[in-house]
Amino acid sequence: MLARVLSCAIVGLEGELVQVEVDMTRSSQEPRTIIVGLPDAAVSESRERIRAAIRNSRLTWPGGHRVIISLAPADLRKEGPSYDLPSAVGVLAATGQVPGPFDDAVFIGELALDGALRPVRGILPMVALAKARGISRAFVPLENGTEAALVQGIDVYGVDTIASLAAHLIGSVPLPRTEPITSPPAPDTESLVTDFSEIAGQENAKRALEIAAAGGHNVIMRGPPGSGKTLLARAIPSILPPMTGDEAMEVTRIYSVAGLLPTGAGLVRTRPFRAPHHTISNAGLVGGGSTPRPGEVTLAHRGVLFLDELPEFDPRVLEVLRQPLEDRVVTISRARQSVSFPASFSLISAMNPCQCGYYGDTERECTCPPQMVSRYQRRISGPLMDRIDLFIDVPRVRFEKLTAIEKGEPSAAVAQRVTATRVAQHARFAAVHPPGTHLNADMSPQEVRDHVQSRLADSATEILRVAVERLNLSARSFHRVLKVARTIADLESSPHVETTHLAESIQYRSRIE
């Protein structure tokens, strides 16, 4: 007796089709269930869950038989409990309890001992693969149904128990199809967001963060403790535009694979804001593991990665940011496979100027020796600093600002300008890039020449020459100055980069000393 059932595996952020074959033969020896096809411990243990789930659902387990469950392709590592359901369906089909074949259906889910289905991660890319392969039906755990239904063109059925699935397959009690819904944003970051109007003073820092949000630029904020650096960073999501449909699907796929989508969540609509602690490891930041998993830079894709107290991070950990900041992608290679994760994010970081935090403060004297100040600031390497677009000083907030009755400009007004600026950038690059995925910060050197350098006035060129000589700018820094200038011009709806735009951009390039 032989049955074949389709399921899916996750490789990186993509699905891969897996064929589950169940073969049963009578055995005079002690009956056994064997799972082959490079399974991990969770898959190997599923034979006990499958047996108990079938028996406790008043279905029949084939006693006196040797059951072999083969997961193909055999050279692909099988991980997690999502093969419980297809294996159980294969057993039921091989014993004639449900009719086959199931060439037009994919089955994904973990079984509890009582036959109930538990949710699994990675449903979205797995169902998307099934649809791309021409499969018309997907049976998934009930709690994953809303997520799976985001994939259009395939019938999704949320299953609560193996017994209800068997009843559906024999045609006695059909399962209802799951319809897609749009749910509240996930992950929920609203409780962390501050409105710009609630931040006292710091107009210069707010202006710089508006530029960073409009062009997707990287920022370092420096200032004494309590000056509002963290509060400013927490306010950035409030000025970012909503994600496009394609961006939302990208982010939802990432959070699906990472297992971070709340139960019943639909499409993620809020741009990610990730703020890992400074004790994070290399793998936690950029991804890794024996089977590569996405890290914080990928979880921040299309959003913001905030690193507070930047010098407190392990310097070796910070250095792994250099590739994703430049290439917008992370490639993790292992002996068995190489996986690429998207990492298009804005890096927003905050730091004190020294160990005590008061170097350069006008109100409180710094207690750090000069050597300690220099050593503290050198924890951030030159190559990493070279990848930062804007350096912002966040000074102590004056008493008059703290006690002022009038509030500042609200985030909604800033967000309108940021959104309009991003729309202009998308239109500029639409001819050569996918819509909605290219900002000024992503410009190549050739695009910088085409959209900025070729349109500079003679006076602006002279200012740029002086800046390169006095600030000792590298080629990368030179291009970043021009990219920021282009964003400032876009904020003012100017088709050309004027001298004032370039001068403001150079002002943000003063390095932390």
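Which residues line the second largest cavity? In this predicted model, the second largest cavity is lined by Leu209, Ala212, Ala213, His217, Ile236, Leu240, Val304, Ser346, Ile348 and Arg422, and the close-up views below take up that space together with other parts of the structure.

**View 1. The second largest cavity and its lining.**
The second largest cavity holds about 50 Å³ of space, and its lining draws at least two residues each from helix α7 and from strand β17 (346-351). The largest share of this lining, three residues, is supplied by α7. Sorted by class, the lining of the second largest cavity consists of seven nonpolar residues, two polar residues and one charged residue.

**View 2. The largest cavity.**
The structure holds two cavities of 30 Å³ or more, and the largest cavity has a volume of about 190 Å³. The lining of the largest cavity is made up of 20 residues, and those that lie nearest its centre are Arg302, Ser344, Ser346, Arg422 and Leu439. In the largest cavity the lining divides into five nonpolar, nine polar and six charged residues.

**View 3. The crossing of helices α7 and α20.**
The axes of helix α7 (residues 203-215) and helix α20 (residues 475-491) come within 9 Å and cross at roughly 95°, which means that α7 is roughly perpendicular to α20. On the α7 side the contact is formed by Arg207, Glu210, Ile211, Ala214 and Gly215, and these meet Val484, Thr487, Ile488 and Leu491 of α20. Taken by class, the residues of this contact are five nonpolar, two polar and two charged.

**View 4. The second largest pocket, with residues from α20.**
A volume of about 280 Å³ belongs to the second largest pocket, which is lined by 17 residues, with Glu326, Ala441, Asp442, Met443 and Lys483 the closest to its centre. Two or more residues of this lining come from each of the elements α13 (322-327), α18 (445-451) and α20. Helix α20 gives the most to the lining of the second largest pocket, with five residues. The lining of this pocket is divided into six nonpolar, four polar and seven charged residues.

Strand β1 (residues 2-11) and strand β2 (residues 14-26) run antiparallel and are joined by ten bridges, with Ile10 standing opposite Gly15 in β2. In the hairpin that β1 and β2 form, two residues lie between the strands, and Gly12 takes a positive phi near 70°. Strand β2 is also joined to strand β4 (residues 65-72), through eight bridges and again in an antiparallel arrangement, and here Gln19 stands opposite Ala72 in β4.

**View 5. The largest pocket, with residues from β1.**
The largest pocket contains about 550 Å³ of space, and among the 29 residues that line this pocket, Ile10, Arg77, Glu79, Thr291 and Arg293 are the closest to its centre. Strand β1 supplies the largest share of the lining, namely four residues. By class, the lining of the largest pocket has 14 nonpolar, seven polar and eight charged residues.

Terms used:
Residues are numbered from 1 along each chain as its sequence is written. This is a predicted model: local features need pLDDT of at least 70, side-chain atom pairs count only at pLDDT 80 or more; totals for chains, interfaces and linings use all residues. Side-chain values use heavy atoms; hydrogens and water are left out. Two strands pair if DSSP finds at least two bridges between them. Axes are lines fitted to C-alpha atoms, for helices over the stretch in contact, and angles run from 0 to 180 degrees between N-to-C directions. Angles under 35 degrees count as roughly parallel, over 145 as roughly antiparallel, 65 to 115 as roughly perpendicular and the rest as oblique. Contact means heavy atoms within 4.5 Å. Ala, Val, Leu, Ile, Met, Phe, Trp, Tyr, Cys and Pro count as nonpolar, Asp, Glu, Lys and Arg as charged, and the others, Gly among them, as polar. On a 1 Å grid over the protein atoms alone, a cavity is a set of points where a 1.4 Å probe fits but cannot get out, and a pocket is an open set with protein on both sides within 12 Å along at least five of seven lines; lining residues have an atom within 4 Å of a point. Grid points are joined across faces, edges and corners, and a volume is the space filled by probe spheres set on the points.
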